[in-house]
Structures are given as C-alpha cells and as structure tokens.
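Trainee: Please take me through this model one residue at a time, and stop me whenever a term needs its cut-off.

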Amino acid sequence: MTRTLLVLNGPNLNLLGTREPATYGHETLADIEALCQRSAAEHGLALEFRQTNHEGELLDWIHQARGRHAGIVINPAAWTHTSVAIRDALAAVELPVIEVHLSNVHKREEFRHHSFVSAIAVGVLAGFGAHGYRLAIEHFAHLLKA
Ligand code: DQA
C-alpha cells in the first residue's frame with residue numbers, strides 16, 4: 001500500500017500570510033507546506049501538497065489520487081460550502097479524507113457552518129490554524145500503522 005498522502009488546498013489559500021491575518025494567521029501556504037512535509041517525514045510518509053483556484057483542477061487531482069495515495073487531507077476553503085462536485089469526487093475515489101480548516105468555521109458566518117465534505121470525511125479539524133494540518137497527518141500516520 002502506498003504511504004503517500006495528498007494535501008489539497010482550495011481557492012484563495014495561496015494568499016495566506018496577507019489574507020485576513022486576524023482570521024487565518026500570518027503563516028504562508030509555503031510555511032504550511034513545510035510544516036506538512038516535516039510532519040510526514042517524522043512518520044516515514046511521503047506527501048504531495050497542492051493548491052488551486054480552479055475547481056475542475058481540484059476535481060482532476062482528486063480523481064488521480066485513487067491508487068496513488070493512502071489518504072487525502074483537504075482544506076476545500078470556500079468550496080466546502082458550495083461544491084457537491086468535490087464531495088462526489090472524494091466519495092468516488094474511496095480514499096480516507098480528513099477535512100481541515102484554519103479557522104473555526106462554526107464561530108463564523110452561518111453560511112460557513114455547512115460543509116458538503118464533512119459527511120464523507122473521517123473527521124474534521126477546524127480552528128487549530130496550521131497545526132490542524134499536522135494533526136491530520138498524525139492521524140493518518142496512526143491509521144496507517146493500525
Ligand atoms: C477556510 C474557511 C472557509 O470558510 C473559507 O472560505 C476559506 C478558508 C479555513 O481554512 O478556515 O477560504 O477553509
């Protein structure tokens with residue numbers, strides 16, 4: 001079985017560092033990628049990290065993950081709240097999924113309270129900032145050991 005994790009990031013997350021830092025923190029996406037790579041390496045896992053502002057591209061990456069990755073960590077960003085297509089793609093590839101949000105979406109506007117992805121996820125981490133990505137990777141390491 002492959003021990004490669006796929007970390008996917010949705011729209012506007014390329015702007016982290018300067019985007020609403022009071023909500024999303026000061027870390028850039030490159031900082032988060034470095035954190036993910038370190039966490040994966042600590043557990044002997046390989047990791048691919050990607051971000052896109054194009055929904056179709058994200059769908060293609062999810063489709064390609066089948067058979068290539070052990071699991072998917074995804075911050076779908078705004079598509080969390082809008083995209084049945086992303087939910088269906090994640091369900092179709094039958095890989096374990098952990099949904100991550102930097103902010104606690106439940107403390108924010110009502111439109112952020114609903115996620116199309118949560119129902120097909122192993123679990124959801126929201127409000128832990130960049131550390132949420134590390135927690136998701138640690139949980140995958142735990143699952144892969146079992
Ligand atoms: C987010 C929360 C979403 O509601 C928002 O649209 C984002 C980022 C988060 O990481 O907190 O872009 O997914």
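**A buried threonine, then the annotated sites**

Trainee: Is T52 buried or exposed?

Mentor: T52 is buried, because its relative accessible area is 2%, and buried here means under 20%, with exposed meaning over 50% and partly exposed the range in between, all with a 1.4 Å probe and protein chains only. Keep in mind that this is a predicted model, in which local features need pLDDT of at least 70 and side-chain atom pairs count only at pLDDT 80 or more, while totals for chains, interfaces and linings use all residues. Residues are numbered from 1 along each chain as its sequence is written, and side-chain values use heavy atoms, with hydrogens and water left out.

Trainee: Where does T52 lie?

Mentor: T52 lies in the loop between β2 (46-51) and α3 (55-65), where helices (H or I, at least four residues) and strands (E, at least two) are DSSP runs numbered from the N terminus.

Trainee: And which residues is T52 in contact with?

Mentor: Setting aside neighbours within four places in sequence, T52 is in contact with N9, G10, P11, E57, L58, W61 and W79, contact being heavy atoms within 4.5 Å. The side chain of T52 also reaches the backbone nitrogen of H54 at 2.9 Å.

Trainee: Changing topic, which residues does the UniProt annotation "binding site" cover?

Mentor: According to the unreviewed UniProt entry, the "binding site" annotation covers N75, H81, D88, L102, S103 and R112. These residues span 38 residues in sequence and the farthest two C-alpha atoms are 24.1 Å apart, so they do not all gather at one spot. The lining of the largest pocket includes N75, H81, L102, S103 and R112 of these residues. A pocket, on a 1 Å grid over the protein atoms alone, is an open set of points where a 1.4 Å probe fits, with protein on both sides within 12 Å along at least five of seven lines, and lining residues have an atom within 4 Å of a point. As for the record itself, its positions are given in the numbering used here, feature names are shortened, and annotations may be inferred rather than shown by experiment.

Trainee: What about N75, is it buried or exposed?

Mentor: N75 is buried, with a relative accessible area of 3%, and its place is in strand β3 (residues 71-75). The side chain of N75 reaches the backbone nitrogen of A77 at 3.0 Å. Beyond its sequence neighbours within four places, N75 is in contact with several residues, including L8, H101, L102 and Y133.

Trainee: L102 came up there, so where is L102 found?

Mentor: L102 is found in the loop between β4 (97-101) and β5 (123-126), and at 7% relative accessibility L102 counts as buried. Outside four places in sequence, the contacts of L102 include L13, Y24, N75, F128 and Y133.

Trainee: On to the ligand, then: which residues surround the ligand?

Mentor: The ligand is surrounded by R19, Y24, N75, A77, A78, H81, H101, L102, S103, V105 and R112, each counted when one of its heavy atoms lies within 4 Å of the molecule.

Trainee: Which residues does the "active site" annotation cover?

Mentor: The unreviewed UniProt entry gives Y24 and H101. They span 78 residues in sequence, yet no two of their C-alpha atoms are more than 9.3 Å apart, so they gather at one spot. Both Y24 and H101 belong to the lining of the largest pocket.

How values were computed
Polar contact = N/O pair within 3.5 Å; in protein donor to acceptor, adjacent residues only side chain to side chain.
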